[in-house]
Amino acid sequence: MGHRHRLLDTSAPARLAAPDEGIGRDELALATRNHGLPLEALRHDLTPPGLHYVLTHYDIPYVPDDTPWRLTLGGHVRRPLRLDLADLRAFPQVTTRVTLECAGNGRALLTPRPVSQPWLVEAVGTAEWTGVPLRLLLAEAGVGTDAVDVVFTGADHGVERGVQQDYRRALPVEVATGDDPEVLVAYAMNGAPLPPQHGRPLRLVVPGWYGMAHVKWLRDIAVAEEPFRGFQQAVAYRLRQEPEDEGEPVTRIAPRALLVPPGFPDFMSRTRVVRPGPVPLEGRAWSGGAPVTRVEVSTDAGRSWQEAGLDPDGGHRWAWRRWRHSWTALPGEYVLSARATDAEGRTQPLEPRWNRGGFANNLVQRVPVLCLDAQTAAPGADTHPGSTRADSGR
Ligand SMILES: Nc1nc2c(c(=O)[nH]1)N[C@H]1C(S)=C(S)[C@@H](COP(=O)(O)O)O[C@H]1N2
Ligand SMILES: [Mo]
């Protein structure tokens, strides 16, 4: 399955930040390459191009439009395949609306902070992905009866904690050949060819699973008769308390609800400012394990909760659902939160659940809000809200 060299001595565990260590230059460099969804864009059913979050471990491969692309499908199969984009388009085509979330979403809210891409809560987006069901390609190739894993390789290459590698991840053969969820080899996003940062020209889409499974720039699929032990499977993306733990693999997306932050923001703190009176609250909720069945809202930092209304899912099982709640704001300071629960009773914690990689932290969001009294809240240009909290620098 390709070669792997060690550039450095060992694959050191990912670093944890020291108790008072701020975000460093290396984390800042990752954060400027890998951007999140601006939370106000939660208003869109489908995330507009460019506002969907992006996470890329190494470099975005340069794939000009006229580049011939071959997807190979081999390993333990009866008939190895070599497919170009026209071959893939000749297979039945499926379009699925999918909410994608990075497994590291929420990482920077953990203490101690695992040093990596420092997401707060914004590593999410929803798109319509069009492509070929993976199970049809595997059926065409004929999967051996002793198959265990199906391994997906991207065209990007890098070195991570001393291990040089192509980005590579596997799915259990039952998931790869199953139809719930229907895994796609996708060639379009929102009806257009994939943008470079989202995997042009081909990517895997695994509805309900965290982002790391959705291999971009997909160039090879290999059926394996032994469990895949590559870096992104056996070293990264495992829930561990100690570096030497074997850990549980990160798989499906834990439930999460997010609010569209109401009112208007303070430039530096991003504290929200609202005027007294009715403040409609809305947001999105999703879960990769089972459909979201309940969203609750709190305006007092999680001390009390009220039931929010859930919009119909519109038949989009794998996409986020809109929720709404009406709130009447009185002058004062608030912390708003929303909490999702799914059909199997999974919900979101009020205290973070820590693990070394900072994965699957679905801690409830906290949105600080300042409601001004009616006088200071008068709208206008260059008025001074009268509170130091809302009076930003530029
Ligand atoms: N080839 C390749 N595929 C990849 C990655 C990568 O670095 N290389 N990153 C993964 C991770 S960790 C995430 S969260 C998603 C992000 O997908 P997006 O950038 O389209 O939102 O892609 C996944 N697929
Ligand atoms: Mo990710």
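Two strands pair if DSSP finds at least two bridges between them. Keep that rule at hand for the exercises on this predicted model.

**Exercise 1. Find how strands E21 and E22 run relative to each other: parallel or antiparallel?**

Solution. 
- Locate strand E21 at residues 332–342 and strand E22 at residues 367–371.
- Count the bridges: there are five. The rule asks for at least two.
- Read the sense: the two strands pair antiparallel.
- Check two positions. Glu333 has Leu370 of E22 as its bridge partner. Leu336 stands opposite Val367 in E22.

**Exercise 2. Identify what joins strand E15 to E22.**

Solution. 
- Take strand E15, residues 272–274.
- Three bridges link E15 to E22, and these strands run parallel.
- One bridge pairs Val274 with Cys371 of E22.

**Exercise 3. Work out where the largest nonpolar core lies.**

Solution. 
- Start with its size: 59 residues.
- Leu171, Leu204 and Ile221 have the most contacts inside this core.
- Helix H3 (residues 134–141) gives the largest share, four residues.
- Both domain 1 (25–249) and domain 2 (256–371) contribute residues, so the core lies between them.
- A second, separate core has 19 residues, including Leu259, Val292, Trp327 and Ala338.
- Beyond four places in sequence, its contacts include Leu71, Leu134, Leu138, Phe152 and Val185.

**Exercise 4. Describe the span that UniProt annotates at residues 277–369.**

Solution. 
- The unreviewed UniProt entry gives the feature as "domain: Moybdenum cofactor oxidoreductase dimerisation".
- In the model, residues 277–369 are 0% helix and 47% strand.
- The end C-alpha atoms of this span lie 14 Å apart.

**Exercise 5. Decide which stretches of the chain call for caution.**

Solution. 
- Then find the stretches under 50. Residues 1–6 are one of them. Residues 387–394 are another.
- The model has 14 for residues 1–6. For residues 387–394 it has 16.

How values were computed. Residues are numbered from 1 along each chain as its sequence is written. Chains are lettered from A and ligands numbered from 1 in the order in which they are written. This is a predicted model: local features need pLDDT of at least 70, side-chain atom pairs count only at pLDDT 80 or more; totals for chains, interfaces and linings use all residues. Side-chain values use heavy atoms; hydrogens and water are left out. pLDDT is the predictor's confidence in each residue, from 0 to 100. Contact means heavy atoms within 4.5 Å. UniProt positions are given in the numbering used here, feature names are shortened, and annotations may be inferred rather than shown by experiment. A nonpolar core is a set of buried Ala, Val, Leu, Ile, Met, Phe, Trp, Tyr and Cys residues joined through side-chain atoms within 4.5 Å. Buried means under 20% relative accessible area, exposed over 50%, partly exposed in between (1.4 Å probe, protein chains only). Domain bounds come from an automatic or database domain assignment.
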